[in-house]
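Please prepare a briefing on the structure shown below, covering a helix, its ring and charge contacts, and some backbone details.

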Amino acid sequence: MSSNPIKTTFMAMYPPLHAPAANPFTNIPGYEGIGGGGYLPPPMPLQPVAPQPGPIPDNWNIPALSEEAAREAFKDYVQSHCCYGSGPADEGVITNTESFNTYRLRLETFTENRSTEMAEKPYEGEIADFYVQPAPTPWEVKTKTPQLFTKDTEEIRVPYTSSVKVILLKGHKSKQCRDCNGSGKKEEENCSHCNGTGKDRCSKCNAKGKKKCETCNGKKQVLTYVKVKQNCSLTDSELKSVSGKELYKITQIMVYPLHGFPNPDIVEASDRLIKEHQSKYAQTSRILQQRQTVELIPVTKVNYKWKNKMYVYYVYGNENKVSADNYPETCCCCVIM
């Protein structure tokens with residue numbers, strides 16, 4: 001059974017006298033491509049922030065790892081692998097250890113980007129303020145202050161962009177239910193609870209044959225407006241699974257390369273990361289805050305002898321994690337029950 005299509009007519013209420021075009025903001029900066037996707041270029045920063053000197057650590061060296069601690073870390077590592085025999089960890093003779101100054105640089109950039117799109121909702125008495133005065137540009141719209149270095153999304157209705165539309169559905173504020181074709185009942189196959197009638201009560205429209213218009217929620221009016229999407233996100237350099245000793249940390253709107261740091265590789269990496277973040281994120285996002293951290297990661301190389309052969313493993317991080325790629329006693333006889 002086919003049903004007649006329902007014709008929907010839209011007309012506007014004052015203000016304005018006529019419904020605004022799909023994009024009435026064509027000549028207003030920031031609204032030229034509403035709904036076109038992509039993020040809006042942020043405004044230029046008002047004033048650059050002068051670099052601030054960071055603390056000078058009094059100890060740049062990693063404390064030596066004791067032989068006992070190195071052996072215990074090795075035993076824990078072996079016990080966590082079901083196919084590893086305990087012989088090398090228990091019987092291996094540590095011949096020497098060597099500590100390395102290993103630095104980890106972390107650059108975190110907290111950004112905000114904004115996009116615009118047309119939106120509508122059932123009208124609930126809001127003020128239709130379109131044309132009352134010029135709408136603020138997307139980056140002028142007031143938003144809540146985000147919590148720094150935390151992802152967040154907010155949608156805001158732009159002031160002075162709202163208008164009301166009346167929806168005429170042939171004099172009704174409901175439309176025929178498609179599930180039951182307006183009958184309030186629907187055919188049942190292999191019915192288990194229709195009491196022999198062959199039909200079951202339509203749950204989509206509560207057996208009324210009609211249901212509320214999804215666009216206006218039965219109110220016959222919708223509020224159309226422009227909304228700004230604010231997305232705050234955190235980007236950072238590669239993070240590892242272990243912790244170290246924090247040597248340097250600074251947080252400000254824009255951080256500067258670590259010139260004067262005793263390790264030239266860290267200076268070069270700091271300069272490169274800052275340029276990469278600026279180039280990658282500043283074109284479509286506003287940088288709200290940056291945080292630069294340098295940590296000293298303990299790394300100890302352990303040489304040991306087992307069955308007249310020399311082997312090596314590494315202990316790293318404050319957690320004393322172990323890396324032993326060439327462990328000499330492995331098997332493939334583990335069975336998981």
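Is asparagine 320 buried, partly exposed or exposed? With a relative accessible area of 29%, asparagine 320 is partly exposed, where buried means under 20% relative accessible area, exposed means over 50% and partly exposed lies in between, computed with a 1.4 Å probe on protein chains only. The model is predicted, so that local features need pLDDT of at least 70 and side-chain atom pairs count only at pLDDT 80 or more, whereas totals for chains, interfaces and linings use all residues. Residues are numbered from 1 along each chain as its sequence is written, and side-chain values use heavy atoms, with hydrogens and water left out.

**Helix α3**

- Helices (H or I, at least four residues) and strands (E, at least two) are DSSP runs numbered from the N terminus, and helix α3 covers residues 264-281.
- The 18 residues of α3 should span 26 Å at 1.5 Å a residue, which agrees with the 26 Å between its end C-alpha atoms; the expected span is 1.5 Å times one less than the number of residues.
- The buried residues of α3 are Ile266, Val267, Ala269, Ser270, Leu273, Ile274, His277 and Tyr281.
- Seen down the axis of α3, these buried residues fall within an arc of 165 degrees, so they line one face of the helix, the arc being that of the directions from the helix axis to the C-beta atoms.
- Pro264, Asp265, Lys275 and Ser279 are exposed and sit on the face of α3 turned away from its buried side.
- The N-terminal end of α3 is capped by asparagine 263, a side-chain oxygen of which lies 2.9 Å from the backbone nitrogen of aspartate 265; a polar contact is a pair of N or O atoms within 3.5 Å, and within protein one must be able to donate a hydrogen and the other to accept it, while residues adjacent in sequence count only if both atoms are side-chain atoms.

**Aromatic rings and charges over rings**

- Rings of Phe, Tyr and Trp (its six-membered ring) pair if their centres lie within 6.5 Å, with planes under 30 degrees apart counted as stacked, over 60 as edge-to-face and the rest as tilted; by this rule there are 10 aromatic pairs.
- One of the pairs, phenylalanine 74 with tyrosine 77, is stacked, at 6.5 Å centre to centre and 15 degrees between the planes.
- Both phenylalanine 74 and tyrosine 77 belong to helix α1 (residues 67-79), where they are 3 residues apart, about one turn of the helix, and both are buried.
- A cluster linked by ring pairs takes in Phe74, Tyr77, Tyr84, Tyr304, Tyr311, Tyr313 and Tyr327.
- A charge sits over a ring if NZ of Lys or CZ of Arg is within 6 Å of the ring centre and within 35 degrees of the ring normal, as with the charged end of arginine 157 over the ring of tyrosine 225, 5.5 Å from its centre.
- The charged end of arginine 291 likewise sits over the ring of phenylalanine 149, 3.9 Å from its centre.

**Salt bridges**

- There are 16 salt bridges in the structure, each being a side-chain nitrogen of Lys or Arg within 4 Å of a carboxyl oxygen of Asp or Glu.
- In one of them, glutamate 295 meets arginine 106, with the closest N and O atoms 3.6 Å apart; the pair links distant parts of the chain, glutamate 295 being in strand β11 (residues 286-306) and arginine 106 in strand β2 (residues 93-122), 189 residues apart.
- Glutamate 295 is buried at a relative accessible area of 10%, whereas arginine 106 is partly exposed at 22%.
- Lysine 229 and glutamate 117 form a salt bridge whose closest N and O atoms are 3.8 Å apart, and because lysine 229 lies in strand β9 (residues 221-236) and glutamate 117 in strand β2, the pair ties together parts that are 112 residues apart in sequence.
- Lysine 121 and glutamate 126 form a salt bridge at 2.6 Å, N to O, in which lysine 121 is partly exposed at 22% relative accessibility and glutamate 126 is buried at 16%.
- Salt bridges with shared partners join Glu117, Glu155, Lys227 and Lys229 into one network.

**Backbone and loops**

- Most residues other than glycine have a negative phi.
- Phenylalanine 149 has a positive phi, near 60 degrees, in the loop between β2 and β3, and is buried with a relative accessible area of 14%.
- Asparagine 320 also has a positive phi, near 55 degrees, in the loop between β12 (309-316) and β13 (321-323).
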